[in-house]
Amino acid sequence: MSPDSPQRKLGWGKIEVKRIENTTNRQVTFCKRRNGLLKMAYELSLLCDAEVALIVFSL
């Protein structure tokens, strides 16, 4: 089996960054990514003793 074979690939694959046309999928993705950002902002504030402001809005 060669190192480039599909069975040997691990981790996340690259995705094309474009608008998600399906409304339900778009909303689910938005919620997941927003929660990830909030978690990272919270961790940054704890680890670095910094004040972090995060503005996220949806239209």
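Helices, runs of at least four residues, and strands, runs of at least two, are taken from DSSP and numbered from the N terminus. The legends below describe close-up views of a predicted model.

**View 1. Overall fold and surface of the chain.** On that assignment, the predicted chain contains 1 helix and 0 strands. Helix H1 covers residues 23–48. Of the 59 residues, 3% count as buried. The accessible surface amounts to about 6,200 Å², and carbon and sulfur atoms account for 58% of that surface.

**View 2. The largest pocket and its lining.** The volume of the largest pocket is about 400 Å³. Its lining is made up of 13 residues, of which Lys18, Ile20, Thr29, Phe30 and Arg33 are the closest to the pocket centre. Sorted by class, the lining comprises 6 nonpolar, 6 charged and 1 polar residues.

**View 3. The salt bridge between Arg19 and Glu21.** The side chains of Arg19 and Glu21 form a salt bridge, with an N to O distance of 3.4 Å.

**View 4. A nonpolar patch on the surface.** The patch consists of Leu37, Leu38, Met40, Leu54 and Val56, and these residues together have about 420 Å² of accessible area. One of them, Leu54, is located in the segment after helix H1. Leu54 has a relative accessible area of 38% and is therefore classed as partly exposed, since that class lies between the buried limit of under 20% and the exposed limit of over 50%.

**View 5. Asp49 and its backbone angle.** Asp49 belongs to the segment after H1. The phi angle of Asp49 is near 50°, a positive value in a residue other than glycine. For comparison, most residues other than glycine have a negative phi. The relative accessibility of Asp49 is 73%, so the residue counts as exposed.

View 6. Tyr42 is part of helix H1. With a relative accessibility of 53%, Tyr42 is classed as exposed, because the limit for that class is over 50%. Between the C-alpha atoms of Tyr42 and Val52 the distance is 7.7 Å, while the two residues are 10 residues apart in sequence.

Definitions and conventions: Residues numbered from 1 in each chain as written. Predicted model: local features only at pLDDT ≥ 70, side-chain atom pairs only at ≥ 80, totals over all residues. Heavy atoms only, no water. 1 Å grid on protein atoms, 1.4 Å probe; cavity = no way out; pocket = protein on both sides within 12 Å on 5 of 7 lines; lining within 4 Å. Points joined across faces, edges and corners; volume = space filled by probe spheres on them. Nonpolar A, V, L, I, M, F, W, Y, C, P; charged D, E, K, R; others polar. Buried < 20%, exposed > 50% of the residue type's maximum accessible area, 1.4 Å probe, protein only. Areas by Shrake-Rupley, 256 points an atom, 1.4 Å probe, with all protein chains shown as cover. Patch = residues over 30% accessible without salt bridge, like charges linked within 9 Å, V, L, I, M, F, W, Y side chains within 5 Å. Salt bridge = Lys/Arg side-chain N within 4 Å of Asp/Glu carboxyl O.
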